[in-house]
Amino acid sequence: MLESLFDKLRVLIRRTVGGSFCICMCFLLVLSEVSCSTHDDEMNEYYMDYINQHGAVFRNNMLTTDGDTLRILSLGNSFSMDMLSDVPMLAASAKIPSHSYSLYMVAKSGATLSDYASLCAKNAALRKQGQGDEGFVIYNMGGISIETIESASYSSISDLLSLPWDVIVLQQRSTLSSYFSSFTPYLPYLLLHITEICPNPNLSVYWHQTWSYPSDSGTKRSGLHGNEQICGDVARMASEFGVYNIIPVGTAVQNMRMTNITCGHELTRDGAHLDLGAGRLLAAMTFFNTVMLPYYKTDLDIIAVDDICREKNID
């Protein structure tokens, strides 16, 4: 039964990551000019001035695979926690040494692109894990400590972004992920700000495509239709802003909802966040296959993932 489940998950992930949605994203490998809406408030004027002063062009990179350690930073919220929580277990199952990657996340409940733009503009302080959950907290999700490999400390967002990350993952809050107007001017500002501060010229920026709510949630962003709306805005975002590296967790979730694998409430535990069993494992497998598998050129071990399924009581 567990082997059958793993096989289904693996096939589903490969179809999702290698399917038409991602092919479409790769086709959009462009150098994009940033166009933004003009707003009246002071912060938005600041973002627009910053964009104009920096030439309004963001150039993304494909992930290079010639380093000794893969450094990953995600800027998100509780949906990021859902995606990344099971990644260390998958890395171990693929026999990836913990000293060969560093996986960090900055998160705040309900955080939006606007919140992160403000965080960067003000160079606000970050709370470290264990110092409380209020505000923006940085979590070491797995692998080696970034302080160990860089001999650096950090207390603010600028300190953190000044480290030589290989991958930085961005996303929009779930309630806004199908509203393209909520992306500007915050996303283009963040893209230019991050690439100006991060010293790695080969930095690759990825987009976490979040999932729609269950079909009976009563919102316009639910079920298959909601996922189609999210995918449409992600495709537009890639075309206009050049973030063509997509982690299609939302599409993977929707694909699983259309199978006979059922966990929680359409793979959620509360109508929004992923089920702690198959939901989180699916999201982690999507992340692993999109980001880590190409870097390490390895695959998951079926027996080890079976053990993960048992630990998570997935049947």
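Backbone, strand and salt-bridge features of the predicted model

Lys 297 is exposed, with a relative accessible area of 62%. The structure described here is a predicted model. Lys 297 is placed in the loop that runs between H12 and helix H13 (302-311). The phi angle of Lys 297 is near 50 degrees, a positive value in a residue other than glycine.

A positive phi is also found at Glu 266, where the angle is near 50 degrees and the residue is again other than glycine. Glu 266 belongs to the loop between H11 and H12. With a relative accessible area of 26%, Glu 266 is partly exposed, since values under 20% count as buried and those over 50% as exposed. The side chain of Glu 266 takes part in a salt bridge with Arg 257, in which the closest N and O atoms are 4.0 Å apart. Arg 257 has a relative accessibility of 16% and therefore counts as buried.

A further backbone feature is the peptide bond from Thr 184 to Pro 185, which is cis, with omega near 0 degrees. Pro 185 is located in the loop between strand E7 (167-170) and helix H9 (186-197).

Salt bridges were searched for over the whole structure, and 5 were found. In general, side chains of opposite charge can pair when their charged atoms come close. The relative accessibility of Asp 82 is 0%, so the residue counts as buried. For Arg 269 the corresponding value is 40%, and this residue counts as partly exposed.

Asp 82 also meets the side chain of Arg 280 in a salt bridge, at 2.8 Å from N to O. This second pair likewise links distant parts of the chain, with Arg 280 in helix H12 and Asp 82 in helix H4, 198 residues apart. Both Arg 280 and Asp 82 are buried. Taken together, Asp 82, Arg 269 and Arg 280 are linked in a network of salt bridges.

Helix H11 was examined for burial. Of its 9 residues, 8 are buried, so H11 is largely enclosed by the rest of the structure. The buried residues of H11 are Val 249, Gly 250, Thr 251, Ala 252, Val 253, Gln 254, Met 256 and Arg 257.

The packing of H11 against helix H10 (residues 223-241) was described by their axes, which come within 10 Å and cross at roughly 160 degrees. Angles over 145 degrees count as roughly antiparallel, and H10 and H11 are therefore roughly antiparallel to each other. The crossing in which H10 passes H11 is left-handed.

Strand E6 (residues 137-143) has 5 of its 7 residues buried, so the strand is largely enclosed by the rest of the structure. Strand E4 (residues 101-107) runs antiparallel to E6, and 6 bridges join the two. Within this pairing, Tyr 104 has Asn 140 in E6 as its bridge partner. Strand E5 (residues 127-128) runs parallel to E6 and is joined to it by 2 bridges. Here Lys 128 stands opposite Ile 138 in E6.

Cysteines were considered last. A disulfide is a covalent bond between the sulfur atoms of two cysteines. With a cut-off of 2.5 Å between cysteine sulfur atoms, the count of disulfides comes to 0. Cys 198, at 5% relative accessibility, counts as buried. Cys 231 is buried as well, with a relative accessible area of 14%.

Definitions and conventions: Residues are numbered from 1 along each chain as its sequence is written. This is a predicted model: local features need pLDDT of at least 70, side-chain atom pairs count only at pLDDT 80 or more; totals for chains, interfaces and linings use all residues. Side-chain values use heavy atoms; hydrogens and water are left out. Buried means under 20% relative accessible area, exposed over 50%, partly exposed in between (1.4 Å probe, protein chains only). Helices (H or I, at least four residues) and strands (E, at least two) are DSSP runs, numbered from the N terminus. Two strands pair if DSSP finds at least two bridges between them. Axes are lines fitted to C-alpha atoms, for helices over the stretch in contact, and angles run from 0 to 180 degrees between N-to-C directions. Angles under 35 degrees count as roughly parallel, over 145 as roughly antiparallel, 65 to 115 as roughly perpendicular and the rest as oblique. A crossing is left-handed if the near helix is turned anticlockwise from the far one by less than a right angle, and right-handed if clockwise.
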